[in-house]
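Visitor: I am new to this structure. Please show me how to read it.

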Amino acid sequence: LSLSLFRLDSVLGSFATYARLKGRYDDDWIDRLNHLYTTIIFIIFTIVVSTKQYVGEPIHCWCPAEFMESMVDYTNNVCWIQNTYYVHVDDDIPKSQLAREDRQIKYYQWVPMILLFQALLFKVPCILWRILTASAGVNLDKIVTLAAETQYISPEDREKTIRHIVRYMDRWLENAREYRSGCFIRLRQTISKYCCIVCGKRYGNYLVTIYMIIKLLYMTNAIGQLFILNEFLGTNYNAYGLEVMQHLAEGTEMVDSVRFPRVTLCDFKIRKLATVQQYTVQCVLPINLFNEKIFIFIWFWLVFVAVLSSANFLVWCYTMIFRQHRVRYLKKFLRINDCYKTELDKKMAVKFAEQYLRQDGIFVLRLVGKNANDVLVSEIILQLWTHYRGKPLFKHANQMSDDNSNV
């Protein structure tokens with residue numbers, strides 16, 4: 001029995017760990033690919049490189065025979081701290097100090113720092129999104145989390161949770177409405193329906209505008225990091241993956257990499273009494289074996305994330321910015337629920353989308369659909385529609401329609 005309880009506790013603990021790893025529900029899986037999984041990958045690479053640097057021997061230099069053990073240790077340390085330079089074994093060593101400095105490799109000591117910096121850059125848009133949504137007047141993560149969790153509860157609790165979500169959304173939508181009047185305010189409200197240039201919590205497009213900006217940041221970050229690494233490594237890193245694929249297509253191996261050389265040269269001076277003697281030693285960088293494989297993977301991963309983030313950004317722009325797509329999204333679920341029959345239903349469906357839910361409300365429903373399923377979205381829209389039909393504004397419009405038909 002105790003063994004069974006231990007196994008059960010282990011299983012539940014693993015599910016809890018996975019739930020924490022999955023993160024929150026206030027975004028889609030492309031966002032989590034950026035700020036969660038990519039960040040974890042970079043942190044793992046940082047640990048691997050740091051372990052090799054501080055536990056193993058990141059550099060080992062071939063020293064003259066007269067060097068004692070302490071002098072060999074000194075040579076390894078000084079060549080690691082200062083930058084080594086690369087010259088192909090078939091080429092002559094440049095005599096000019098300036099030419100040697102142009103060939104210096106300046107990155108290998110700082111690889112853990114740049115990997116952590118890259119992880120931070122992928123996390124920053126998520127942090128901004130969480131900060132900005134906290135001031136939006138709605139707990140977006142709570143709504144989507146409750147909706148997603150209804151898939152695993154009893155039908156009675158499911159119905160109660162959906163009613164709670166509908167009441168919460170209705171209260172939020174009403175509180176976010178602009179109750180002031182005026183020509184200028186009506187103009188801004190009209191503009192906000194068709195574009196995100198004019199945005200605000202009272203105009204119903206605050207969450208959508210912020211989310212589009214965050215999506216743009218994810219896309220820009222994934223593309224921009226290729227250029228950041230280009231400057232950091234001091235080589236043409238943008239074309240690195242293409243060169244790797246070319247070697248694979250030709251069936252050749254990249255034995256001597258110019259970007260990540262295994263064997264380099266190091267110049268250092270030792271003062272002996274009144275004289276200063278300069279040495280040039282040959283060093284091997286075992287850590288570049290890891291760096292080369294890591295940065296090959298990073299190139300392909302950044303391209304993969306950049307392509308998916310760009311496509312995801314365009315899809316969200318297509319579905320949320322254009323008015324007809326937002327209305328069509330709601331009409332689809334109203335037809336499923338058999339709530340789109342009469343001419344009055346068709347007219348009120350447009351008002352339901354543009355005046356009641358507006359862009360932010362439809363955006364929340366889309367997030368629910370991406371993190372749960374469309375069946376749940378259909379049930380929420382049905383209850384929101386029923387709730388909306390019971391409002392005084394709708395009853396007044398319905399009464400006017402009946403009077404006109406009687407005339």
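Guide: Start with two terms: strands are DSSP runs of E, at least two residues, and helices are runs of H or I, at least four, numbered from the N terminus. Two strands pair if DSSP finds at least two bridges between them. This is a predicted model, where local features need pLDDT of at least 70, side-chain atom pairs count only at pLDDT 80 or more, and totals for chains, interfaces and linings use all residues. Residues are numbered from 1 along each chain as its sequence is written, and side-chain values use heavy atoms, leaving out hydrogens and water.

Visitor: How many residues lie between β4 and β5 in their hairpin?

Guide: Two, and leucine 273 in the turn has a positive phi of about 55°. β4 and β5 pair in the antiparallel sense over ten bridges, with cysteine 266 opposite valine 281 in β5. β5 also pairs with β1, again antiparallel, over three bridges; there tryptophan 62 has glutamine 282 as its bridge partner.

Visitor: Which residues of α3 are buried?

Guide: Buried means under 20% relative accessible area, exposed over 50%, partly exposed in between, with a 1.4 Å probe and protein chains only. In α3 the buried residues are Thr75, Asn76, Val78, Cys79 and Trp80. They pack against elements including α2 (29-54), β4 (263-272) and α11 (287-320), contact being heavy atoms within 4.5 Å.

Visitor: At what angle do α2 and α11 pack?

Guide: Two packed helices are described by the angle between their axes and the distance between the axes. Axes are lines fitted to C-alpha atoms, for helices over the stretch in contact, and angles run from 0 to 180 degrees between N-to-C directions. For α2 and α11 the angle is about 175°, with the axes 11 Å apart.
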